[in-house]
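Colleague: I have a model open and want to learn to read it. Can we take it feature by feature?

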Amino acid sequence: MLQRSLGLIVLLMLGLVLAAEPGQAGGHTLNILDRDASAFNREVRGLLVWVMGFAALVFVVVTGALVYVTVKFRRTGKETGEPEQMHGNDRLEVAWTVIPTVIVLIIFGLTAQSMFKLDRPTPGAMVVEVRGWQFWWDFHYKDYGVRNSNELILPVGKPVRFEITGGDGTNYDVIHSFRITSMVGARDAIPGVVTHIEVTPEKIGTYYGQCVELCGASHANMRFRVKVVSQEEFDRWIEGARAFQAATPTDPTLVRGQELYKQQCAACHAIKGVSQGAPNNPDLTFFGNRTTVGAGMWPNVPEYLEPWIKNSPGMKPGVKMPAFPNLSDEDVKAIAAYLMSHKVEGLDFSKLEKF
Amino acid sequence: MGFWAAVWDLLTTSDHKKVGMIYLVTSFVAFGLSGLMAVAIRWQLAGPERQFLVGDAYNQVLTLHGATMLFFFIIPAGLSGFGNFILPLMLGERDVALPRINAFAAWLFVFSAALIYTSLFFGGAPDVGWTFYYPFSRTTGLGTDFFMMGVLLVGLSSLLGAANFAATVYNLRAKGMGLWKMPIFVWAIFATSMLSLFALAGITAASLTVLLSRKLGLSLFDPAIGGDPVLFQQFFWFYSHPAVYIMLLPYLGIAAEVASTFARKPVFGYRFMVFALVGIAVVGFLVWAHHMFTVGESLLFQLVFVFFTVLVAVPTGVKIFNLLGTLWGGQLDFKTPLLFVMGFMFNFLLGGITGVMLAVVPFDYQVQDSYFVVAHFHNVLMAGSGFLAFAGLYYWWPKITGRMYPEFWGKVHFWLFLVGYLITFMPQYVLGFLGMPRRYYTYPDGLYLWNELNFASTVGAVILALGGIAWLIAMVQSFRQNVKAPDNPWGGYTLEWATSSPPPSYNFAVQFPTVFKSERPLYDWEKEGLKPTPVDPATIHLPAPTVWPFMTAVGLLITGIGISLAPDMGNASVGGVPGWGGWLAVGLVLFIYSLFQWALRKEYDHPVVHHTVTGKSNAWVGMAWFIVSEIALFGILIAGYLYLRLTGAAVPPEDHRPALWLALLNTFFLVASSFTVHYAHHDLRTNKFSPFKLGMLISILLGVVFFLFQIWEFAIASGHYVEALNAAGQSEAAQKAALWFTAFFLIVGLHGAHVLIGGTGLALAYAQGLAGKINSHEQGTLEGSSMYWHLVDAVWLFIVTIFYIW
């Protein structure tokens, strides 16, 4: 029976290896070891090769010994007398103390080397300030004075330095942790503390971002998307965003939407040129460019956007935005249409490949 | 014995075996309960976007699962449960060093579990994760108050239990049994107790500061006044990483005993195994920050912790290799306990390997708080320590219950657990690589392999639940079949097998030979033909039963409820529950009353002369070990203060500093009282009762004067504190002063609480003096409380230096 369960383990290990190279069978394929996404991932892969090599060695030796002991020294009932009363063997014990010590010291050396490498700041990195709030993310492009919530647009091949904190330095939130899953490791968003991590995205596509520190009822619903685009597309977006001014609507639905927005939403949310909002609520200026709603939760289409506006606490537990039961369906549609009308023209981030 | 008589016996007992049973029953029930919660968690995650446990409800179940498994199963089952039942037997003794303290600690343990679960009746369980990170833990509901209070009480219980074990191993061993002849399990319990005494201060500091932050707004961590939330994590993990070894070492002891018995061989490399135990305990102190690689500490800081983290793998590896050596060449009898040990070795190997992987920091960044971590720690805790808890349960079941268990059901239990475990957790390693974070109540459809792997994991959890049923059948069948267990069913080598199953209340009615050649006395004596000589049981005296330790614990439970229900002044969103003052008052009165009744009840009805190995009394040794933990507690908080002070975050206000002259006056009172206690103690030893009583009274009064002055000082300081707090938004100096005042109230206030506790201790001894219940032979209360009083005095000198002079 032990052999059978060992077979099972081997099978699962195999699954683990396969999982490291997942296929592209539809949906989003998250892979923390994606070698094409960043040098960070390649560094981790390089370390894991060593560690897994030693691990395999240790695993084979110990499991082999376990199986051998189980088979060979099983009591048969035919024994005459007691087994040899062996109290130990100093040489052997020194050996199995020293060999693991050497192995872990090698692993320590490799890890240290890698940490120094990853810690070196990249000159000319674009700085993005990341603020974690219950339960959404805010991004500030410090070099450009542009703010965007829950969606991060990055140019491919350009180093970016994330400066991460919980809240905004005046209003404090709980601790979150910022991770772009297939691209770079996590860094905590701690109120009153600024942490940082750097990465150079190398592959164009949509990346999945998550909060990885328990932060409340909707910890699982605190996602974001990263859109890695070509430098040219990024420049168009960032220039458009810097120059953005909300247009005065003429379409009657949009006029109605703006009116309702100013009544119901403007106290908390910001749209450049329309409302200041408050810093602890998502910015809606480029809402029309966003591919998701509810902090990376649902596709940004009316089917999800409208119920979200009307009753977000019903969709996402613990969310700070109140429900608006008094809004009619027409009202909600008008607000949704108004929000979608704000965007940098000529950009579509929804077709990027998913990683 | 009728039912009520049996209950009364349980409430009044101080028999280490019954105390052990209290722990064992509670912790295995806790295992079953939180195992069911785990199944509920897996049920929710069986598929994407399920609605079985959503948001806060999920977080509550998650928190209770973790907290219950850790604080009420895996820590106590091995250490306090088997430790209490088996350790005195292995040492060939009649009881532990401090039997009544031990009974009190056991009830306090039960009640702290009850306290945390009481929150369900007051609006919901804690939902902050068992790690209760600040500031998240400041923002949540009343459940967190119960949780903090429960953690504080279970911490006190652990400390008393650990001090008792340390004193027992130090003072009470069969004549001739040297330290190096103790069974490995005894060493394991001893090392674990040390670890508890040194480390527990971390979680006490963490939970106390969170509780005070919630109740009074006193927080060292609040960024609004320049505090550092990361400091909380340093406190927390200072305990909670060593706690991992508290959760492991007793079980490694069990593994060694089981392997040796069922292989019919001595343990392989006894000294190496002891060195490895102690090595793990020591290095285990230097690895805590590996839980915090993503908080953005400096490279050097991280590297130090990487170094010790990979290093701790070495002694843990040695344990595995030596277990293999023990089995090698033996005649292995694959009964259920040995099967669990084999399962442990395989799973612990996986957990060890993935543990070293997690020390590779860049990889850790990637899998921080992911399912890879979940799989790793279940690998070491559940399939590691947990399996060994069951190895111990089956191994000692005949000794504890006096009955054999059905081997068939034991084996079914093992195989279902092994297979269920692997199917549950191996997919979780893969999920870690595929980016699934832990503590998520839901996940979206359409992420590569997430649905399939999560479903597999849930199937595994169901298999584990079936294993749980097989376990229950094994236990129930054992009682129904009622096969009487012989004294030594497995051919064990240690002294617990040298008495009947179950053992009589006095354990042994024999005098053992005094020759101990190795850690296997029964084996050695048989070879050499040595036999124990019978002793007439009528000449054996045991501690008298008393209900007051139990009542004292009840008092603390009610007090705990009162404090938990009190309004949160630190957080406007949570008001108090009406009637909290009533709970608090009743609890405190009951606590104090019971404590005095306890002190006035003599431990033995017959005069008993104790022989201890060290020559020091049990109370003295017990208190000496307990004091280690107190020093650690002040050490940790003061380290936090020094950090805030040296980084310039906390600066005393120049014009509103608490007055030095008052502190010096108070120093005089306190130092004087230390002298008067010392002389009173001297008088007692020379049987001069009147000067003794006078000396005690003066000491207590000096303590009272100190305390009153401190209240006056605090009243003045709190005004300045509130002023600074209100101005903190505008002025940086006010902000730094507010943080300084916070540290001042926290640490000086904690010292004040110690004056109160120490003064109560003196009052107990004084009451014993007035009632004529203390003399130069029976003076444990005074020995303990006077030593404690000197500690209070010594700490005060530090405090004067760092708060009033610096």
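**Strands, a loop residue and domains**

Modeller: This is a predicted model. Start with one strand pair: β5 of chain A, residues 160-166, is joined to β8(A) by five bridges, and the two run antiparallel.

Colleague: Which residue of β8(A) stands opposite Glu163(A)?

Modeller: Glu163(A) faces His196(A) there.

Colleague: In what order do the five strands of the open sheet in chain A lie?

Modeller: Read across the sheet: β3-β2-β1-β5-β8 in chain A, with mixed pairing. β3 (146-149) and β8 (195-199) of chain A are the edge strands. Each has a single partner strand, so one side of each has no neighbour in the sheet. From one strand to the next, the twist averages 25°.

Colleague: Now a loop residue. Where is Met183(A)?

Modeller: Met183(A) sits in the loop of chain A between β6 (176-180) and β7 (184-189).

Colleague: Is Met183(A) buried or exposed?

Modeller: Count neighbours. A residue is buried if 20 or more other C-beta atoms lie within 10 Å of its own. Met183(A) has 26 within 10 Å, so Met183(A) is buried.

Colleague: Which residues does Met183(A) touch, leaving out those up to four places away in sequence?

Modeller: Ala37(A), Ser38(A), Val199(A), Pro201(A) and Tyr207(A). Compare sequence with space, too: Asn31(A) is 152 residues from Met183(A) in sequence, yet their C-alpha atoms are 8.5 Å apart.

Colleague: And chain B: what domains does the assignment give?

Modeller: Domain 1 (16-247), domain 2 (248-505) and domain 3 (619-805) of chain B. The C-alpha centres of domain 2 and domain 3 of chain B are 43 Å apart.

Conventions. Residues numbered from 1 in each chain as written. Chains lettered and ligands numbered in written order. Predicted model: local features only at pLDDT ≥ 70, side-chain atom pairs only at ≥ 80, totals over all residues. Helix = DSSP H or I, 4+ residues; strand = E, 2+ residues; numbered from the N terminus. Buried ≥ 20, exposed ≤ 12 C-beta atoms within 10 Å, placed from the backbone. Contact = placed C-beta atoms within 7 Å. Pairing = 2+ DSSP bridges. Axes fitted to C-alpha atoms, helices over the stretch in contact; angles between N-to-C directions. Domains from an automatic or database assignment.
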